[in-house]
Amino acid sequence: MRYGGPCIDADVHHDWASEAELHQYLSKEWREYVRLPGKTTNRIRPATMAYPHTGGTNKRIDTYPPNGGGPGSDYATMKRQLLDPLDVRAAILSYSIGHNAALPNLYLATAVCRAANDWSIDRWLDGRDDRLYGAVLVPTQVPDEAAAEVRRVGRHPRMKEVILISNGLGKPFGHPAYHPIYEAAADVGLPVALHVAGELSATGAHIAGGGVPSTRLENITLAPQAEQHHLTSLIAHGVFEKYRDLKILLVENGVSWLPWLLWNLDDNYRYWRRESPWVKRRPSEYVRERVKLTTQPLEDPARPEQLMEVLESFGGMEDLLCFATDYPHWDADDPQYIARKLPEAWLPKVFYENAREFFGLPKTAPAQAGGGTARG
Amino acid sequence: MPEDPAGGARTSYGGPTIDACAHHHWTNQLELMEYMPEGWREFLGRPGAFPGGGVMAAVPVHKYQHPEGDKLTEAWPEAGGPPGSDLDTLRHQLLDRNRLERVVLAHDAAIVAPTMPNHYLALEVAKAANTWSAERWIGRDERIACLAMVPNQLPDEAAKEIRRIAATPGFVGVVMGGNGLGKPFGHPVYHPIYEAAAECDLPVVLHAGGDATPDVITHTAGGGLPATYAEYEVLKAQPVMTHLVNMIVQGVFEKYRGFRLMVAGVGIAWLPSLFWRFDTNYKTFRREVPWLNRSPSEVLWSSIRIGTWPLEQAPGREALVRHMRAFGPVEDLLCYASGYPDREMDPAAAASERLPAEWHAKVFHTNAAGFYRWPGGSPPRGPGTAAGGGTSPP
């Protein structure tokens with residue numbers, strides 16, 4: 001085994017076993033709205049574009065719990081498959097996938113986000129397992145409501161990030177319309193994670209430039225485009241200047257495009273001096289200070305040295321990466337797989353220390369809940 | 001002479017150079033309209049026909065403007081007209097100064113003409129633009145070659161236009177940028193274009209900037225629309241990446257063997273991350289694309305080239321080369337392109353300083369020599385090049 005130490009998993013998807021489980025956390029009026037007569041309900045997640053995955057599921061087949069819920073819905077299964085064997089000292093639970101926030105009805109979207117946060121606190125962050133931490137899901141379509149939600153639950157001791165899933169206004173995330181969210185996150189001391197999949201719900205932004213692709217293969221290949229844009233936009237509109245302690249996590253888009261983006265943004269810094277009042281430092285400086293990227297899905301060239309050459313051409317990547325499995329998705333990364341691709345000297349940072357510092361987790365991490373041998 | 005620790009001395013390249021992508025433009029719209037039928041000239045009108053106006057604009061307007069001006073200040077011709085409109089200025093500033101053996105002129109802002117909502121007019125503009133190129137540029141200087149504009153919003157008309165201009169040897173390829181139909185360029189609706197191009201041995205150059213007019217329903221980036229030029233300028237690579245991925249996935253290179261594509265105006269450093277992700281996901285999603293029986297990278301090496309402009313200004317001399325070498329022998333993929341007269345253009349000497357000397361012959365000559373359909377059926381000859389160059393299409 002190349003890495004025998006502890007890890008923090010910055011992206012784990014937990015889920016309700018059925019929508020009925022979440023309905024309990026809605027107000028009486030919304031419960032009545034979603035529960036229709038007979039066996040149907042009104043959806044609490046939006047329609048998404050038709051890019052079906054092989055087999056109709058994008059989860060690992062082995063993660064379906066024996067008791068009938070979907071992957072990520074059963075704590076015992078998650079503990080058995082992920083938390084214990086991987087020596088996870090902290091896992092950030094980020095919904096499956098939280099695109100409820102992209103519901104067209106902004107009032108329902110707001111209600112479902114609140115319910116999801118309450119459900120998460122009640123069912124997962126209740127102290128049953130000190131390794132579990134949560135994310136504040138927010139309705140980005142109404143930034144003031146999103147900010148209110150951040151302030152409502154963001155100070156819960158187990159909430160460790162605000163998570164943005166969908167682009168509710170069709171503008172990239174640096175746009176001033178979204179700034180109330182960052183202000184609230186800064187007020188409660190939480191970083192903001194971008195885990196963008198909401199373009200799939202056709203909220204106004206597109207998954208990729210140049211037209212809507214035909215296949216899931218294209219969609220997943222081009223998926224980093226949105227977060228590349230959001231990072232660019234956060235810089236352009238001064239989010240790092242206005243909110244001096246705010247940190248950003250870019251989730252689930254790989255890492256090897258960062259040199260391309262930042263070389264270009266640094267080169268264009270001189271134009272921003274004239275176009276925007278907000279770009280006071282080189283873009284790459286903001287990123288090195290305030291931004292982290294999750295490793296998954298780590299790029300997979302034929303030889304690991306190829307990936308390292310790209311990362312080293314930029315330098316300092318060992319400080320920017322946070323390990324994530326993305327359990328229980330089909331393309332979840334195993335820690336040993338990642339460990340083989342990165343220099344041994346990087347591993348304690350990538351697997352543990354970068355995330356520990358980023359999320360403000362205590363230095364002494366708990367041993368495994370329920371006993372068992374803590375490794376490392 | 002600066003030493004390149006990665007191997008090879010870094011010098012200015014002194015050999016024969018092909019500029020794979022620069023830009024030409026008409027002096028004013030009337031110059032273009034000379035090549036339109038009388039009825040269209042009458043429809044469009046004439047400047048000054050009435051106070052304050054008289055003529056309809058024939059080309060959509062770009063949304064994003066460079067804060068220092070889109071074009072090099074010095075490129076504005078003394079005699080008037082926009083940059084790229086005067087042959088003598090272009091000769092002096094581009095052909096002579098860069099000591100070019102050939103330059104390929106790819107239109108300028110007009111590449112978005114096919115996106116115009118009035119597709120009848122878009123068709124006329126494309127046809128007139130090609131006739132204008134043939135009469136005003138081709139043959140005026142033996143170093144000049146042109147790309148034909150295609151009215152891609154009407155793919156059958158575009159195919160017809162390709163077959164028409166193919167008879168003029170000075171057209172060495174076809175340029176596309178603006179997207180008239182709102183689907184990525186690999187969609188089957190566009191395939192008549194590639195069929196005609198392959199049949200005529202004309203490669204297609206896919207140029208940046210086509211999604212940045214209000215006329216298109218496609219976006220110039222994922223995740224929303226950029227506010228500033230600085231954002232737009234970097235993210236404009238994204239639609240080109242989408243088209244590239246889509247064209248490979250939709251089997252354009254499988255259906256039309258011999259078809260070749262270049263992407264231009266988007267730099268080069270995005271290549272490793274995109275194709276690594278693409279190759280990995282191809283393995284998972286093969287069932288979705290049963291007609292694609294080779295990996296995306298195999299298609300890339302075989303049939304796709306990358307215009308170098310604008311080269312990423314990574315810090316120091318080594319970072320960009322190290323980054324690109326990680327992907328593979330990219331010296332076989334890159335074709336030097338100046339982007340003249342764009343403000344971000346790369347003069348040949350400056351580009352040569354950033355690339356290893358052992359890449360120079362390929363990047364500055366061999367690759368482009370083997371890519372375009374040169375007049376006379378044979379590529380320009382640099383020193384030591386085998387006939388057909390090192391990267392001839394299959």
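How many bridges join strand β7 (residues 204–207) of chain B to strand β8 (residues 261–264) of chain B? We will reach that spot on this tour.

Before you start, note that this is a predicted model, in which local features need pLDDT of at least 70, side-chain atom pairs count only at pLDDT 80 or more, and totals for chains, interfaces and linings use all residues. Residues are numbered from 1 along each chain as its sequence is written, while chains are lettered from A and ligands numbered from 1 in the order in which they are written.

**Stop 1: chain A as a whole**

Select chain A, with its 14 helices and 8 strands (DSSP runs numbered from the N terminus: H or I of at least four residues for helices, E of at least two for strands). Its radius of gyration, taken over C-alpha atoms, is 20 Å, close to the 21 Å that the globule rule gives for 376 residues, so chain A is as compact as a globular protein of that length. That rule is 2.2 Å times the number of residues to the power 0.38. Along the principal axes, the C-alpha atoms of chain A fill a box of roughly 60 × 50 × 40 Å.

**Stop 2: two helices in chain A**

Now select residues 106–123 (α4) and 143–153 (α5) of chain A: their axes come within 11 Å and cross at roughly 15 degrees. Axes here are lines fitted to C-alpha atoms, for helices over the stretch in contact, with angles from 0 to 180 degrees between N-to-C directions. That makes α4(A) roughly parallel to α5(A), a label for angles under 35 degrees. Show the side chains of A:T110, A:C113, A:R114, A:N117 and A:I121 in α4(A), which meet A:E145, A:E149 and A:V153 in α5(A).

**Stop 3: where the chains touch**

Show both chains: 53 residues of chain A are in contact with 56 residues of chain B (C-beta atoms, placed from the backbone, within 7 Å). On the chain A side, select α10 (258–275), which gives the most, with 12 residues. Also on that side are α7 (216–222), α8 (224–236) and α12 (304–314), each supplying at least two residues.

**Stop 4: the sheet in chain B**

Finally, select chain B and follow its open sheet of 8 strands in the order β1-β4-β5-β6-β7-β8-β9-β10, with parallel pairing; strands pair if DSSP finds at least two bridges between them. At the edges stand β1 (17–22) and β10 (334–335), each with a single partner strand, so one side of each is left without a neighbour in the sheet. Back to the opening question: 4 bridges join β7(B) to β8(B), and these strands run parallel. Pick B:V204 and you will find B:L261 of β8(B) opposite.

Technical notes:
Parallel < 35°, antiparallel > 145°, perpendicular 65-115°, else oblique. Contact = placed C-beta atoms within 7 Å.
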